[in-house]
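Good morning, and thank you for making time for this presentation.

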Number of protein chains: 2
Amino acid sequence: MSDLISLGKAAKKAAYTMALLQDDEKREALIKAADGILAGADRIISANDKDMEAARAKGTSPAMLDRLVLNEKKIGEMAHGMKEVAELPDPNGQLMETIERPNGLIIEKRRVPVGVIAIIYESRPNVTADAFALTFRSGNACILRGGSDAINSNSAITDIIRESLKGVRPGTEDSVILVRDTSHESVTELIKMRQYLDLVIPRGGAGLIRNVVSNSTVPVIETGTGNCHVYVDKDADLEKAVPIIVNGKTQRMGVCNAVESLVIHRDIAEKALPLIYSALHEKDVELRGDDTVLSELNGKGGVNPASEEDYGTEYLGPVISVKTVSSLDEAIEHINRFTTHHSECIITENKASAESFLKRIDAACVYHNASTRFTDGFEFGFGAEIGISTQKIHARGPMGLNELMSYKYEIRGSGQIR
Amino acid sequence: MSDLISLGKAAKKAAYTMALLQDDEKREALIKAADGILAGADRIISANDKDMEAARAKGTSPAMLDRLVLNEKKIGEMAHGMKEVAELPDPNGQLMETIERPNGLIIEKRRVPVGVIAIIYESRPNVTADAFALTFRSGNACILRGGSDAINSNSAITDIIRESLKGVRPGTEDSVILVRDTSHESVTELIKMRQYLDLVIPRGGAGLIRNVVSNSTVPVIETGTGNCHVYVDKDADLEKAVPIIVNGKTQRMGVCNAVESLVIHRDIAEKALPLIYSALHEKDVELRGDDTVLSELNGKGGVNPASEEDYGTEYLGPVISVKTVSSLDEAIEHINRFTTHHSECIITENKASAESFLKRIDAACVYHNASTRFTDGFEFGFGAEIGISTQKIHARGPMGLNELMSYKYEIRGSGQIR
């Protein structure tokens, strides 16, 4: 029996224990785990030092080092986040629907945890605490497979959490299990463990997600890729359009809900393009546009021709593609062709155009006159977020506690037969 | 470009058209398609004759021939089923939740179709009409891949439906596409067409389902395997237990919600076993039991020892395994070990034991004092059923129209930025 299978078995067993924990037990255990993280800050930092040293030795970029590093402040935020999740309402057992049948059967549809959730992620070690908090609060067990860069930090965090869970019911500590084998093979084996896992959530770059989606036999929720568009309609109010575009593109460049592409109606292009250009150019954003864009912004710096590939690129940096169209229909067709089904926005004062866009665009979140940056569990008021689903099965858009739940039907009878 | 890819493209396009159809348009189109089926009965029967001839020529069993054959009566039922689905309420656009944010954003969570659903099934040609009706009513496009045995029947049914859809909006006929290539390779290619498919639902035997689950890169809903248990608690009312067991086992043997295994508390075994034995033996059901069962029913006909494998077997025929236990906990542990997460039942007059069972058993449908045969979309009042999900992601238990839906967030603002 491989190590991973024994981990899977332990997690499955823990999932059955978890399903029995009361609201209070989970809340208190989570607060205790957060206090454990605070008390163990030195231990976490010294483990993190080892990761940082190894990362520096292999010439890791400053941006990646910044994601990897843990300090008192980050650890404090981690513990604070866990305590916030602890205070969220427990979705376990929530009554979703009652069906009373003519034969007297009472059918109750109630939320239950999914069971064992594997989360596969890359360098940021704070995901370890986040993912644990969300899965634990919702009554699930989790198997965490972090990246090799953060293995010492992830181990220290998981060890501390597991120690703090020993006071709860026996076996509860197995509700969080870290896969310490960070070889590529451990991912490959994990995502085929259908017998022990109910769900896999990959969090990370496109390569990781593609690998998991292509090879998993366990159900997967695909997260995170966002080639988000803003469509500036002919009836757009440019005083709304420009700030929404600038906010969407530049407030935080490296995130999935950042704007990557503009679509502009030709009737407003002459008026809109210079304003949009100035605002973005000031923030050092390069525009890659079609012929209309190039001729409207003739000779200006930071404007280049867009290739077909540009329209499908999630830059996650200071570049934006710009396409002009001659109708709302053409805009919708273009966006539905290049969308990653994340977040798409129309700027218009025309209600009918807005409604048509919201209905016809095939994305998790469709916006009228607001920034795509709001696609976020906290901004939606979920109080937490484990990722943003870009698929249509199970959960779509920001995933909070409810999205980590399944349901069951409890049917009460008095001897009914068919 | 392979044929399948062009089918996928056409279906994807149709899905966008479908999402625009109004409630009335869908209802009327479906009624028209049902009328087309009735009017085309001769054409369907003559196509079916070809399938029957080929099946007889290769020595197909009478039971399989019975599943394959279509006659006036079956065609009438098919059309009637389509009309019933036509009259179900349209889930499209249904408001599930409204979130008003302090910044003035109004976030509406609304049901939308999943998109393109592939359904892979075996010999029964009426699945073609059923699957079309359910996916169409819910605003989805479907790609149907039936078995080679029924290819002529499936083609005739699909052709008639597609002809009847030509009066609706252009392209609507591509909301139902039959894969006429019935090679094994066509399944293999289909379930990797992630770009065009949003969901795959396999309907058929365990081999088909395993193949789809193991090889699909498109999200799958696993359906249909049911190793359903009835647990006779020490506090059971045997006047309820016996009819529920007999109904569950014998009312229809070959279905997924039939009972395959009994678990009996030892305190009641002496009283219960002879009664259960008589009732089942009368229906020619063989019991395979553990040592306690064998000694209680010492020397009676149709009683044999159970192997470990028996407890994991979905017989779909006149056999039932019987296990005795010394506690509710042992019963729950045994069932959670062998369950296929479909339907499980406790017979008891003890409310606390019932509640503990309902909470702790990991299955889509958990019953107290009622037959597992009620796990069915019609019995739940859904008015339709495309299958019974045994997984925890997206849909669990009977799947009606709502379970073929995803959702999207429509967010309306007035210029909000972060």
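Let me begin with a definition: the expected span of a helix is 1.5 Å times one less than its number of residues. Please keep in mind throughout that this is a predicted model.

With that definition, consider helix H5 of chain B, residues 72–86. The helix H5(B) has 15 residues, and from its first C-alpha to its last it reaches 21 Å, close to the 21 Å expected at 1.5 Å a residue. Which residues of H5(B) are buried? They are Ile75(B), Met78(B), Ala79(B), Met82(B) and Val85(B). These residues cover an arc of only 120 degrees around the axis, which puts them on the same side of H5(B). As a general point, an α-helix has 3.6 residues a turn, so residues three or four places apart point the same way. What do the buried residues of H5(B) pack against? Their partners, in chain B, are helix H2 (23–39), helix H3 (41–57) and helix H6 (126–137). On the face turned away from the buried side, H5(B) carries the exposed residues Glu72(B), Lys73(B) and Glu77(B).

I stay in chain B for one further residue, Thr17(B), whose place is in helix H1, residues 3–18. Is Thr17(B) buried or partly exposed? Thr17(B) counts as partly exposed, because it has 18 C-beta neighbours inside 10 Å, and a residue needs 20 or more to be buried. Leaving aside neighbours within four places in sequence, Thr17(B) is in contact with Arg169(B), Gly171(B) and Thr172(B). Of these, Gly171(B) is 154 residues from Thr17(B) in sequence, yet the two are 7.3 Å apart in space, C-alpha to C-alpha.

I now turn to the strands of chain A. Strand E1 (residues 95–100) and strand E2 (residues 106–113) of chain A pair in the antiparallel sense, over 5 bridges. Within this pairing, Thr98(A) has Glu108(A) in E2(A) as its bridge partner. The two strands E1(A) and E2(A) form a hairpin with 5 residues between them, and in the turn Gly104(A) has a positive phi of about 95 degrees. E2(A) also runs antiparallel to strand E16 of chain A, residues 405–416, to which 8 bridges join it. There, the bridge partner of Val112(A) is Ser406(A) in E16(A).

Across the contact, strand E13(A) pairs with strand E16 (residues 405–416) of chain B in the parallel sense, over 5 bridges. One of the residues involved is Tyr367(A), whose bridge partner in E16(B) is Ile411(B).

Finally, how are the two copies related? A rotation of 180 degrees with 0.0 Å of shift along its axis superposes chain A on chain B, with an RMSD of 0.0 Å. The two copies are thus related as by a two-fold rotation axis. Among the residues of chain A, His394(A) comes closest to the rotation axis, at 1.8 Å for its C-alpha. The copies meet through the same surface, because 100% of the interface residues of chain A are also interface residues in chain B.

Note on methods: Residues numbered from 1 in each chain as written. Chains lettered and ligands numbered in written order. Predicted model: local features only at pLDDT ≥ 70, side-chain atom pairs only at ≥ 80, totals over all residues. Helix = DSSP H or I, 4+ residues; strand = E, 2+ residues; numbered from the N terminus. Buried ≥ 20, exposed ≤ 12 C-beta atoms within 10 Å, placed from the backbone. Arc of directions from axis to C-beta. Contact = placed C-beta atoms within 7 Å. Pairing = 2+ DSSP bridges. Least-squares fit on C-alpha atoms with pLDDT ≥ 70 in both.
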